[in-house]
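Hi,

Here is the structure I promised to pass on. Have a look, and my notes follow below.

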Amino acid sequence: MADVLAYAEGCFTGSPGDQVGVELEFLVHDVSDPALTVPIARTTGALGGLTLPGKSVITYEPGGQVELSAPPGPLPAAVAALQEDVDRVRSALAAAGLTLGRSGLDGHRRPLRQLHTPRYDAMAACLGEPYGALMMCSTASIQVNLDFGADPFTRWRRAHLFGPALVAAFANSPGPVPWFGSWLSGRQAVWLALDPSRTAPVGAAHRAAGESGGQGHPAAAWADYLQTAKLMLVRETDGSCRQTAERHRFRDFRQAAGRPPTLDDLAYHATTLFPPVRPRGFMEIRYLDALGPVEWPVAVAVSYALIVDDDAAAAAAADASAVAGQWAEAARCGLAAPAFRQAAVAAFRAAADALPRWGAPPSLIDQVTDYAVRFVEPGRSPAADLLLETR
């Protein structure tokens, strides 16, 4: 346990600044018919050799989703550089008759896995049907990576405190999801249906399972999470991956693998865990639905301001506390629930006030304000627009 705790403590160090990095996932559709399957070879053919001025890296998710991973930087520069890269990708895809999706959940096609690697094969087997396939092949998100700053645990707590309000404000993946009914964030419904030992908020998984742990220091809670999460797979010396028995947790690694775990085994195990906020020497905020190629900067800017700016956090904390921990309700009802609307209104006002202090240009602040007027103040999550389009 001491080695696991030392590793967990290291996950909260290493990024004392205020930089932000962003990873954008997009579904890809045929312009003529969004219900058509787009072979991943068609997408890679359109984007192969593309030079991105912002230095984003293009990768692909198992269902053929495109992901752009941008290098970290100050908020204004990071957003501007990534937007230029997104525009380049959009243009290249348009020339091939393709377009980036605007939703966090594919409502047009059944999940179809197009990438087959040992990791993805083991993941599919571990997560099961139908939700494992939906998560891997039919979802898209905005991931905001933030430095921990001088006080990592304050930013960690803020990321969780404001999480449900942000989920509601950016809910953009209307269901229906199998056996769940209609949710405004069907993507979150999918995640909530998966193995809670690897998807619940750090600390919450253990309480839900009736186990001890996860109540105190964030690093100790993360160490406990690592130990008690189910072991998805074991990597062999030849590079292959072997799925383990469902009952095995990481603390059972010796029994599952026939050898004691190494630090590399622990670090790889951590990459198979997907809590809403994950520490990796910086902080990954993983709970935001994809918004499409135009609106995504709003989610990045608001999240950044609430977590990094002390005054913004203080101004919005009371209303956020009223819905803290209500991840499922946020995903189901979005801003239609009055308490979530109130929390989001306070959050957006605080963020808009804070953004000039971090050098945000007027264009970005205007985007945040326009989004608030269009969605937050009336109590409408963006999923409402998607639902209107399908009627």
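The sulfur of Cys-137 lies 15 Å from the closest cysteine sulfur, that of Cys-126, which is too far for a bond; a disulfide here is a pair of cysteine sulfur atoms within 2.5 Å. The structure holds zero disulfides. Cys-137 is buried at 7% relative accessible area, whereas Cys-126 is partly exposed at 28% (buried is under 20% relative accessible area, exposed over 50%, partly exposed in between, with a 1.4 Å probe and protein chains only).

Before you go further: this is a predicted model, where local features need pLDDT of at least 70, side-chain atom pairs count only at pLDDT 80 or more, and totals for chains, interfaces and linings use all residues. Residues are numbered from 1 along each chain as its sequence is written, and side-chain values use heavy atoms, leaving out hydrogens and water.

Finally, Gln-143 sits in strand β6 (residues 141-146) and counts as buried at 8% relative accessibility. Its side chain makes a polar contact of 3.5 Å with that of Glu-284 (N or O atoms within 3.5 Å, one able to donate a hydrogen and the other to accept it; residues adjacent in sequence count only if both atoms are side-chain atoms).

Best wishes

Conventions: Helix = DSSP H or I, 4+ residues; strand = E, 2+ residues; numbered from the N terminus.
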